[in-house]
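Student: Could you walk me through this structure? I'd like to start with the salt bridges.
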Amino acid sequence: MSTLTKLALGMMGQLRPRPAQGEGAASIALPEPVRHGGMPLMDALAKRHSGREFARRELPLPMLSGLLWAAYGVNRKDGGRTAPSALNAQEIDVYVALPSGAYLYDAATNALQRVAASDLRSVTGYQDFVDEAPLDLVFVADHARMKLVPVGQRESYASAAAGAISQNVYLFAAAHGLATVIRAWIDRGAIADALGLTHDQQVLLSQTVGYPKR
Ligand SMILES: Cc1cc2nc3c(=O)[nH]c(=O)nc-3n(C[C@H](O)[C@H](O)[C@H](O)COP(=O)(O)O)c2cc1C
């Protein structure tokens, strides 16, 4: 769908999910992520950039697992994560829009839990590439977990946390030959509707990931 069409549909409140492709499972157990080795950090930083041309090829499950662990996985016995959060509120949820459905990343169990049995990728942004790229992430803040943060600071703290997660995704992508771009130009209402979010949950940003188009 073109960006203009999506903008028009968005203005009418009609940006809607497409039917899911294939039989998506209600729960997907992710393989154990590889937590060592890989490209040296300075090399990954040297390669980090935004890419907006994606092949349709889906990411294999081990790659998806590694990506999500790098993004916001549990990296310590005490439940600590790969990205920081103010007062360790861990208020960000990472939603995963795949052709087969939309899922919530459950870092504690290393699994994806389905939240919508439809293809939400096209709803995650106005730019046309989001429809066909194999994976769009959505970063959502749950304000109910930020009770200890003053109300006026909750959005900026959550946005900082989402930014850290996004950079983790950028570095994983750079290290694994993937393309990615963080996106703020999104229809937050349409995404919240499609994911079935509550009033405490705030859509912050979306990020597309995939193999670069050759
Ligand atoms: C908060 C934020 C919002 C952004 N929103 C979008 C967006 O909606 N669409 C897009 O294509 N790129 C978006 N970008 C990516 C920037 O355009 C990109 O980072 C910038 O052009 C610098 O390019 P680089 O990432 O390759 O260094 C966003 C970046 C940030 C930090």
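Tutor: A salt bridge here is a side-chain nitrogen of Lys or Arg within 4 Å of a carboxyl oxygen of Asp or Glu. This is a predicted model, in which local features need pLDDT of at least 70 and side-chain atom pairs count only at pLDDT 80 or more, while totals for chains, interfaces and linings use all residues. Residues are numbered from 1 along each chain as its sequence is written, and side-chain values use heavy atoms, with hydrogens and water left out.

Student: OK, how many salt bridges does the structure hold?
Tutor: The structure holds 9 salt bridges. One of them joins Arg 18 to Glu 132, with the closest N and O atoms 3.7 Å apart. Because Arg 18 lies in strand S1 (residues 18-19) and Glu 132 in helix H4 (residues 129-132), this pair ties together parts that are 114 residues apart in sequence; helices (H or I, at least four residues) and strands (E, at least two) are DSSP runs, numbered from the N terminus.

Student: And which residues are linked with Arg 18 in a network?
Tutor: Arg 18, Arg 56, Asp 119, Arg 121 and Glu 132 are linked in a network of salt bridges. Within it, Arg 121 pairs with Asp 119, the closest N and O atoms being 2.8 Å apart.

Student: Is Arg 121 buried or exposed?
Tutor: Arg 121 counts as buried, at 3% relative accessibility, where buried means under 20% relative accessible area, exposed over 50% and partly exposed in between (1.4 Å probe, protein chains only).

Student: Switching to helices, how do H3 and H5 pack?
Tutor: Helix H3 (residues 61-72) and helix H5 (residues 151-176) pack at an angle of about 140 degrees, with their axes 7 Å apart. Axes are lines fitted to C-alpha atoms, for helices over the stretch in contact, and angles run from 0 to 180 degrees between N-to-C directions. That angle makes H3 oblique to H5, since angles under 35 degrees count as roughly parallel, over 145 as roughly antiparallel, 65 to 115 as roughly perpendicular and the rest as oblique.

Student: Last one: what does Ala 162 touch?
Tutor: Ala 162, which is placed in helix H5, touches Ile 92, Phe 139, Leu 204 and Leu 205, not counting residues up to four places away in sequence, and contact means heavy atoms within 4.5 Å. Ala 162 counts as buried, at 0% relative accessibility.
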